[in-house]
Amino acid sequence: MFKTTIASLLGRKGRLVRTSLAVLLGVAFMCGTMVLTDTVGKSFKDLFGSVFAGTDAYVRSAAKVSGGNGPGGGFESRATVAESLLPTVARVEGVKVAEGRVMGYTQIVGKDGKALGNPGRGAPTFGTNWDETAALNPFHVVDGTAPQSDNDVVIDKGSAKKGKLQVGDTTKFVFSGPTQSFRIAGIAKFGKADSPLGASFAMFTTRTAQKYVGQPGQFDAIAVLAQDGVSQAQVRANVAKVMPPGIEVLTGKAITKEQQNDIQKGISFFSTFMLVFALIAVLVGSFIIHNTFSILVAQRGREVALLRAIGATRRQVMWSVLVESVVVGVIAAVLGLVAGIALSVGLKALLNAIGFGVPATGLIITPRPIISAFFVGVVISVLSSLGPARRATGVSPVQMMRDTSMETTTGLRRRLIVGLAMLAVGVFLILEGLFGHPGSVVLTVGAGVVLVFIAVAVLGPTIAVPVTRVVGAPLPRLRGMAGSLARENALRNPRRTAATASALMIGVGLVAFIGIFAASAKASLDDTIKKQFHGDFVVAGGSDFGGLSPAIESKLKEQPEVADVAPLRFSPATVNGGRAILTGIDGKSFDKIADIELRSGSLGDLDAHSIAVKRSTAEGKGWKLGQMIPVTFAQTGAQQLKLVATYDKTDLVSRYVVGLPVFEQNVTPQFDQTIFVNKASGASASAARAALNRATADYPTAKVQDLTEFAKAQSGQIDPLLGFVRVMLALSIIIAVFGIYNTLALSIYERTRELGLLRAVGMTRRQMRTTVRWESVIIALFGALLGIVIGVFFGWLMVRAVHDQGITQLRIPGGQLVFYTVAAGFIGVIAAIGPARRASRLDVLAAIATE
């Protein structure tokens, strides 16, 4: 039996390769992702290991706060340490050198006058002081010199390339205060990389960095180099003994491990994100493999019957099918691994092209992608072939000898019951993940989504007949007898039609869901701006890391064409013991420009000792107007703020709002993320805009926008991610195309005699191609329609789930869905090109003589 199986495989090499392709693409994407993330992880682990390679102890404040989700919550805020601690640390026994470090937001302006980088949607842009001690400095100058005066700066090589800047050039730098100009004294590299993680670095003298980047008289941390023969543990202990309360001291190894863990967390998110698409590809491939083996077993009915007749047992027949599936899996694993390694090279180049800054190191191939390739390839192939293998052994040899298909439409009632049960469980898991409190939202929702797709695939044959009848109804009139045959061929085997369409259903369903969710998010954003924002202009340009200088606000107020200026600031904090994001506003101005549906109190009462809270939050915690709310800041510690107002809407602000005086007393550094502006009465829109442009001329990151431009810019932030997701999902659609092609190719082989008879009674080659082509189109349209229905359902559920997060409008982009449907028809045409050509070129006599 084993020799017979191998001989059968070798005799049909083309079929073997086509069958392997379905799994190969999914395996390749998964392995490519693993190789890439392993390479990036190892590269940055080594890279950041070198950052603190010479650091033996690290002194910093223990006071820190972290925000939640939303603007201002993406970064940890830690208190600074006084510069006066530096001499104390330097005098400690075992300390050779101690240097203060300053780090914060700074953007370099390129030669074209545009700020480099986009910290809101890309890598951060840092300003820091230049460490004089080489052992403590991860950068080394490759051109020019270190900063010699307070007017000098050293920038990273990556930024120098992007900004077309050279040593000796004078350029502007954007800080939390006014924009300043400095002379580029040197260009430096970060280890072997031009820049770390694609971030930009501007390195000044310590005094300049304190003045513009941090705070005068303050350091973010103090790095310590121990004397020869003194261990890190010993110098840490010595320094810790003389530190005041609130200051913590870490060893160099501990701070290195902390930084590496932070990097690993970021990479693990990226890895998970990419693996989701790889798993989708594998899921689609499993449908194709299952369908392919179902067809193969049906086609080999007589062959199996003869084997059974001459003594082969059912177990031997099953093992024969499983061995074939193992061979398919091994081929897919080997080729998928090779393709995955090549894919990782392309992905690495793509990351460098978009500014991620992956160090120029060789690929790191660990056992993980190799094991995963063979596990996924073989296991998916074997599991997908189990059903067909069992069916092959469940039919008697006499029945197999007959010239009939093994597949029938019986058992639809059982299929209906099982499918509905799976659908119910899948929907329950999705609802539990979105609206309940599961241990893992991603796993719960993911399992539910997979179950829904499988359930619809199980139910597919029960709905394939009516749907394909409707979809194929126009064909007899449009294409005559060829159209009629195409429809009947699709109806002949509902199970095969549904299984083939299911692969395309997954890809189209997910693409439709993404399109609906994106359209709903954009519509909700537009609705929020129209209903809650009553201003005339917006000055945008802020982000979680950095933003607009508060000095812009003062310049705007000086313009006679401007009536009201309402800045928005965000900062992480701890409110009543929980992580939170604070929004800072000028209550009186904000109330004139925006509407957050005030329910009690007045925003005008927000001063240096008060706070406003979202009504549902206040009610949930039992807070009343006049009550003191504990709020902890990184720099100033615990404060008591009086509750003076409650409101309902949090689309423009967070759940906690304070006045600008609270920020000025407790938050450093300070940035405006957005500034809302009302023009003065009698001033034209063009005059007001010209005034705003004059006021922001010295701030390259500030962008003056009217309401239409602001809404477009905000919704446009969704488009890059949306495009990336669509490209990733396109892989599953490509696999589905292979699936349709494979099914048609195998069905042509199965119906060789039938096709020969049709040619013999007068069907032309063109009619033959038309029949096969339209059968493919019907299958593709069936899959697309199923996918669109599922996508609309998922989109509706998601909008309902995130209603409280501001996405309140459900929008179904009809044009996009029609485009997906038409595209599915073209996919059917493309997939049918090869099989249609083969069918039309069959030798009539040889085809009729086929057994």
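**Exercise 1. Determine the handedness with which helix 14 passes helix 24, then describe the contact.**

Solution. 
Step 1. Helix 14 passes helix 24 in a right-handed crossing. The model is a predicted one.
Step 2. Take the geometry. Helix 14 spans residues 475–492 and helix 24 spans residues 765–801. They pack at about 65°, and their axes are 8 Å apart.
Step 3. List the contact residues. Helix 14 contributes L475, R479, A482, L485, A486, R487, N489 and A490. From helix 24 come Q767, T770, T771, W774, E775 and I778.
Step 4. The contact holds 7 nonpolar, 4 polar and 3 charged residues.

**Exercise 2. Work out the strand order of the open sheet of 4 strands, and find its edges.**

Solution. 
Step 1. The order is 5-15-1-16, with antiparallel pairing.
Step 2. Strand 5 (95–101) and strand 16 (247–251) are the edges. Each has a single partner strand, so one side of each lacks a neighbour in the sheet.
Step 3. Neighbouring strands are turned by 20° against each other on average, direction ignored.
Step 4. Look at one pairing. Strand 1 (residues 57–61) and strand 15 (residues 221–226) are antiparallel over 3 bridges. V59 stands opposite I222 of strand 15.
Step 5. Place the helix. Helix 6 (residues 232–241) lies across strands 1, 5, 15 and 16, and runs at about 170° to strand 16.

**Exercise 3. Locate the largest nonpolar core and trace the contacts of L729.**

Solution. 
Step 1. The largest core has 82 residues. F453, L504, I506, L729 and F794 have the most contacts inside it.
Step 2. Helix 7 (residues 252–299) supplies the largest share, 14 residues.
Step 3. Leave aside neighbours within four places in sequence. L729 then contacts F277, I280, L510, V511 and I514.
Step 4. Note the second, separate core. It has 34 residues, including V92, I187, A202 and A209.

**Exercise 4. Classify K614, K164 and N576 as buried, partly exposed or exposed.**

Solution. 
Step 1. K614 is in strand 21 (residues 610–614). Its relative accessibility is 16%, so K614 is buried, the cut-off being under 20%. Leaving out residues up to four places away in sequence, K614 touches Y647, D648, T650 and R655.
Step 2. K164 is in the loop between helix 4 (157–163) and strand 11 (170–174). At a relative accessible area of 65%, K164 is exposed.
Step 3. N576 is in the loop between strand 18 and strand 19 (578–585). With 40% relative accessibility, N576 is partly exposed.
Step 4. Compare backbones. Most residues other than glycine have a negative phi. K164 has a positive phi, near 55°. N576 also has a positive phi, about 55°.

Notes. Residues numbered from 1 in each chain as written. Predicted model: local features only at pLDDT ≥ 70, side-chain atom pairs only at ≥ 80, totals over all residues. Heavy atoms only, no water. Core = buried A, V, L, I, M, F, W, Y, C linked by side-chain atoms within 4.5 Å. Buried < 20%, exposed > 50% of the residue type's maximum accessible area, 1.4 Å probe, protein only. Helix = DSSP H or I, 4+ residues; strand = E, 2+ residues; numbered from the N terminus. Contact = heavy atoms within 4.5 Å. Pairing = 2+ DSSP bridges. Axes fitted to C-alpha atoms, helices over the stretch in contact; angles between N-to-C directions. Left-handed = near helix turned anticlockwise from the far one by under 90°. Nonpolar A, V, L, I, M, F, W, Y, C, P; charged D, E, K, R; others polar.
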